[in-house]
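Notes below, in the order I looked things up.

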Amino acid sequence: MTRTRFIALALALQPALAFAQLPNTLQPPPRVAPISPSTQPTLPRGVDTSRDNSLQTLNRQLDASSRRVSADTLREQVDRQDRLMEADRARTDARRAAATTPAEAERIRQDFEARRASHEAWRAGKEAQVHRLETIDLPPPPPVNEVKPAIEPRR
């Protein structure tokens, strides 16, 4: 009889013991130092990188293409909003034609004019952003590298 009670007690406590062993998930995980190379990779002897501008050229090309993409995105946003505004104008004209009183038609027109003025201000801001992206002054490109003889290693 006592053995049965013992087994029943053990089975009853088993889930409680399983939950007691779970890790605390409310605490943040331990911090781990980032992996970074201990030293910069070495270049072969005789390589002169002081006047190498291929990386500078690449960065300039990346910057220019990024600005072109941003300007294109802004132009697409403006075109989309212009199309939406034109559709809004058509709906407004239909609503004004269906208005029962001249006062209601005038209110509908004034609401549309307020939306149009807001759109024009937004559009002017986007066009200014496009203009800034297209006219950002970039520093002149670096001078062309002159070919230098390789440096002979010491013996």
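**Confidence before anything else**

I looked up the confidence in this predicted model: it is lowest in helix 1 (residues 2-20), with a mean of 64, and highest in helix 3, at 94. The score is pLDDT, the predictor's confidence in each residue on a scale from 0 to 100. The protein averages 78, and 57% of the residues score at least 70. Where pLDDT is low, the predicted coordinates should not be read in detail.

The model being predicted, local features need pLDDT of at least 70 and side-chain atom pairs count only at 80 or more, while totals for chains, interfaces and linings use all residues.

**Fold**

I count three helices and zero strands, in the order α-α-α along the sequence. Both kinds of element are DSSP runs numbered from the N terminus: H or I of at least four residues for helices, E of at least two for strands.

Next, burial: 11% of the 155 residues count as buried. That means under 20% relative accessible area, with exposed over 50% and partly exposed in between (1.4 Å probe, protein chains only). The protein exposes about 13,700 Å², and carbon and sulfur atoms supply 59% of that. Areas are from the Shrake-Rupley method with a 1.4 Å probe; for residues, only the protein chains shown count as cover.

I also checked contacts (heavy atoms within 4.5 Å). Among those between residues at least 6 apart in sequence, 81% join residues at least 24 apart.

**Helix 2 and its partner**

Helix 2 (residues 54-98) has 45 residues and spans 66 Å from first C-alpha to last, close to the 66 Å expected; the expected span is 1.5 Å times one less than the number of residues. Which residues are buried in helix 2? I get Ala64, Arg67, Ala71, Leu74, Val78, Met85, Asp88 and Thr92. The buried residues of helix 2 pack against helix 3 (102-135).

His119 counts as buried because its relative accessibility is 9%. Leaving out residues up to four places away in sequence, His119 touches Gln81, Asp82 and Met85.

**A nonpolar patch**

Leu55, Leu58 and Leu62 make a nonpolar surface patch of about 290 Å². Leu62 sits in helix 2 and is partly exposed, at 48% relative accessible area.

Notes:
Residues numbered from 1 in each chain as written. Heavy atoms only, no water. Patch = residues over 30% accessible without salt bridge, like charges linked within 9 Å, V, L, I, M, F, W, Y side chains within 5 Å. Salt bridge = Lys/Arg side-chain N within 4 Å of Asp/Glu carboxyl O.
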